[in-house]
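Let's take a friendly walk through a protein model, from its overall build down to a few neighbouring pieces. Have a look at the picture before reading on.

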Amino acid sequence: MAGRLKWLPRGRLELDCNAEGVSFMEAESEAKLSDFNDFSPTPEFEKLVPQVNYKHPIETIPLFLAQVTRFKCGGISLGVSISHAVVDGQSAFHFLSEWGRIARGEPLETTPFLDRKILWTGKPLPPFASPPQCERKGFEQPPLLIGETDNVEERKKKTTVEILKLSKTLIEKLRSRVNTSEYADPARGFTRYETVAGHVWRCASKARGHSPEQPTSLGICVDTRSRVQPPLPRGYFGNATINAVARSTSGELISNGLGFAAEKISEAIKSVTNEYVMTGIEYLKNHEDLKTFQDIHALGSTDGPFYGNPNLGLVSWLTLPMYGLDFGWGKEVHMGPCTHDGDGGSLLLPDKNDDGSLILATCLQVAHMEAFKKHLYEDI
């Protein structure tokens with residue numbers, strides 16, 4: 001984390017462990033914690049997190065930036081920005097929790113496993129019974145709006161972020177609906193993520209007013225630690241996620257009901273097997289230029305994948321240890337995302353009260369948000 005990224009030919013990135021260090025800033029605010037209400041991602045709230053200037057050469061940008069802000073009321077906040085090219089959510093929270101343990105004077109709970117070579121594909125792949133079509137499923141560019149040849153105009157449209165709560169009662173109603181539908185698997189049932197993601201996908205298609213034949217996809221970030229063979233060692237520290245994509249049309253999603261959407265998502269997640277991961281790595285290793293797949297660009301860029309209209313990207317934080325970070329002062333008042341994502345970018349988080357409710361942090365175009373919220377609650 002004290003090193004730097006650097007570009008190699010063909011859009012490759014290398015982690016240079018040069019001990020350049022991290023960025024740690026201290027700030028003071030005339031505000032009180034109570035001024036932030038529900039801690040929604042507002043411009044004022046975003047000032048609590050260190051900003052990265054992507055105009056600087058990537059070799060000069062720290063991989064980890066922290067900002068401690070002291071408030072007029074005596075409260076304190078810790079805002080962090082971490083390079084997703086280096087770590088995924090699991091590793092980021094591993095780092096933060098161990099930082100807290102060190103601050104409390106305690107030993108590490110889980111030693112980080114730092115050998116990235118276990119995910120290399122230097123040796124020939126074993127023959128698979130039916131090689132997964134990784135390059136078709138996981139790395140294909142998301143569909144465009146019908147009649148458009150690019151997504152430049154969609155990227156320019158004004159967006160807004162909402163933090164929306166789905167109560168335990170609402171979640172149970174949705175799960176009851178999908179698990180009694182014709183698409184349900186009685187032996188397994190749909191997960192909370194599959195259920196809520198299907199509902200969000202359908203509501204977004206309705207709110208955006210798509211024509212029935214409009215292709216749409218849902219990008220799903222899948223943790224591969226337990227899906228590869230052998231599983232990655234405990235404490236593997238890096239980015240071990242891969243993209244899975246559920247695809248349909250708006251007409252199919254809306255006319256076939258929630259179970260149909262949940263099944264599409266479930267099938268995409270189940271497809272991420274050891275073979276899928278290994279052939280995916282091999283595909284990327286042999287690809288001419290990886291910049292096509294990279295979303296390390298700053299907001300407003302026209303490069304990289306775009307999961308805005310007519311698509312969505314919904315990342316699950318449901319299994320991440322995101323609450324209870326303790327630096328010796330006790331547990332936090334609030335923990336959550338702070339940055340303003342691009343159109344279609346969404347997070348699904350457990351509620352801090354652990355009462356079975358979930359939090360959806362979502363970014364959509366201003367023109368679509370009110371209709372989306374209406375469908376999100378009324379269509380249950």
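What radius of gyration would a compact globule with 380 residues have, and what does the protein have?

## The overall build

This is a predicted model. For 380 residues, a compact globule would come out near 21 Å, and the protein has 21 Å, so the two agree. Along the principal axes, the C-alpha atoms fill a box of roughly 55 × 55 × 45 Å.

Inside, you can find 10 helices and 11 strands. Buried residues account for 45% of the 380 residues. Now take the contacts between residues at least 6 apart in sequence: 72% of them join residues at least 24 apart.

Strands of a sheet pair through backbone hydrogen bonds, either parallel or antiparallel. Here, 6 strands form an open sheet with mixed pairing, in the order β6-β11-β10-β9-β7-β8. At the edges stand β6 (159-166) and β8 (241-249); each has a single partner strand, so one side of each lacks a neighbour in the sheet. From one strand to the next, the twist averages 20°.

Let's zoom in on one pair. Strands β10 (residues 345-350) and β11 (residues 358-365) are antiparallel partners, joined over 5 bridges. One of the residues to look for is S346, whose bridge partner in β11 is T362.

## Two crossing helices

How are α5 and α6 oriented to each other? Helix α5 (residues 168-179) packs against helix α6 (residues 192-208) at an angle of about 95°, with the axes 10 Å apart. The two are therefore roughly perpendicular.

On the α5 side, the contact is made by I171, L174, R175 and V178, while α6 brings R192, T195, V196 and H199. By class, that contact has 4 nonpolar, 2 polar and 2 charged residues.

Key: Residues are numbered from 1 along each chain as its sequence is written. This is a predicted model: local features need pLDDT of at least 70, side-chain atom pairs count only at pLDDT 80 or more; totals for chains, interfaces and linings use all residues. Side-chain values use heavy atoms; hydrogens and water are left out. Axes are lines fitted to C-alpha atoms, for helices over the stretch in contact, and angles run from 0 to 180 degrees between N-to-C directions. Helices (H or I, at least four residues) and strands (E, at least two) are DSSP runs, numbered from the N terminus. Angles under 35 degrees count as roughly parallel, over 145 as roughly antiparallel, 65 to 115 as roughly perpendicular and the rest as oblique. Contact means heavy atoms within 4.5 Å. Ala, Val, Leu, Ile, Met, Phe, Trp, Tyr, Cys and Pro count as nonpolar, Asp, Glu, Lys and Arg as charged, and the others, Gly among them, as polar. Two strands pair if DSSP finds at least two bridges between them. The radius of gyration is taken over C-alpha atoms; the globule rule is 2.2 Å times the number of residues to the power 0.38. Buried means under 20% relative accessible area, exposed over 50%, partly exposed in between (1.4 Å probe, protein chains only).
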